[in-house]
Amino acid sequence: MRSKSLALIAASTGLALAMTACGANTSTGGTDTSGTNTSSASGGGEKVGVILPETKSSARWEGFDKPLLEAALKAEGLDADIQNAQGDVQKFSTLADGMINAGVKVLIIATPNSEVGASVAKKAQSQGIAVIDYDRLNLGGTSDYYVSFDNEKVGELQGQGLVDGLAALAPGKKPAEVIEIEGAPTDNNATLFYNGQQKVLKPKYDSGDLKLVQSQPIPDWDNQQGGVTFEQILTGNGQKVDGVVAANDGLAGAIITVLKKYGLNGKVPVTGQDATPEGLQAVMRGDQFMTVFKPIAEEAQAAAKLAGALAKGDTAAADALATGSVEDSKAGRTVKSVLLEAQMITKDKVKTVVDAGFVKAGEICGGDLAAVCTELGIK
């Protein structure tokens, strides 16, 4: 649940930050000689380092998180250095070393995997630098705080979305055959999404309402590999499938490409996550049944507020924001957390995402979708 203080934060700064997100499908800032996008949000105050994980699996990191974090940290009067490791764990460590040596007061990290995250956190904390795990919890780590969404709940929304989609597109079929294409096994979020999905789906597998054909995690959230893997499972099952769990919109897009090849798109509910423009378009076309909208502006605001308090050494203020907690089973500890709420987006709810300023109507309403947008009241 969100704290009252976080609600006030969102109310006071949400509009400006949401507007920053509008249409943000490209990154801001310069490019270093290695090709990594960088930016600096100078508020003239204490230095804060931010390292994002990659750009391959989702457009969100550079298109949304980066500009939103930049704006939120600047609003807190902080001098932020925001960089992206491009999925390279060695580069992640190198970027962290540079920020530590530059004297950052706080390090905000969204890591490619828990091992590098835990290592970086330990090194930073040995230098008196507070560490915030952003979006992804580093299992076995020591980070001071964690800011993310309730990721098991995200998985529950995906599981329920699949059930709802099967009821709409394959009513009465028992058992309905399901393929699950999950996220990276090294990403704790992917595990939480899966756990949440199973809260909804396992009882239906057990009862015989649904039949699990195969569940397969995809290393590095690689969309291309996800499509290849899905096609192998589909053809191995005689080209039969009634529903597909896809852990995010990128994987869903790859799966839909395969379904089109076999004339199954629009006939098989596919889940997703992130409410990307491409995902929303697929939902409006009927090729994807649902996605999950996670208001990244709120996530960025919460991380910036925590960073602002920690940069001043005010742990009491930070604790007042981090009213939730998650269990790190690997480290055997409870991590103080800010856990935000997500929302299921089906075709009739796409307008919600546009109204929130997360995407512009012009990004999703062109060509064949113009009439659909008019029908949905999206302008």
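Select Lys 305 to begin: this residue is partly exposed, with a relative accessible area of 28% (buried means under 20% relative accessible area, exposed over 50%, and partly exposed in between, with a 1.4 Å probe and protein chains only). The model is predicted, so local features need pLDDT of at least 70 and side-chain atom pairs count only at pLDDT 80 or more, while totals for chains, interfaces and linings use all residues. Residues are numbered from 1 along each chain as its sequence is written, and side-chain values use heavy atoms, with hydrogens and water left out.

Lys 305 and Glu 76 form a salt bridge, with their closest N and O atoms 2.9 Å apart (a side-chain nitrogen of Lys or Arg within 4 Å of a carboxyl oxygen of Asp or Glu).

Next, select Glu 54 and Arg 136, whose salt bridge has its closest N and O atoms 3.7 Å apart. Glu 54 is buried at 9% relative accessibility, and Arg 136 is buried with a relative accessible area of 7%.

Then show Lys 123 with Asp 97, a salt bridge whose closest N and O atoms are 3.0 Å apart; Lys 123 is partly exposed at 38% relative accessibility, as is Asp 97 at 28%.

Before leaving, colour by pLDDT, the predictor's confidence in each residue from 0 to 100: the protein chain averages 90, and 88% of the residues score at least 70. Where pLDDT is low, the predicted coordinates should not be read in detail.
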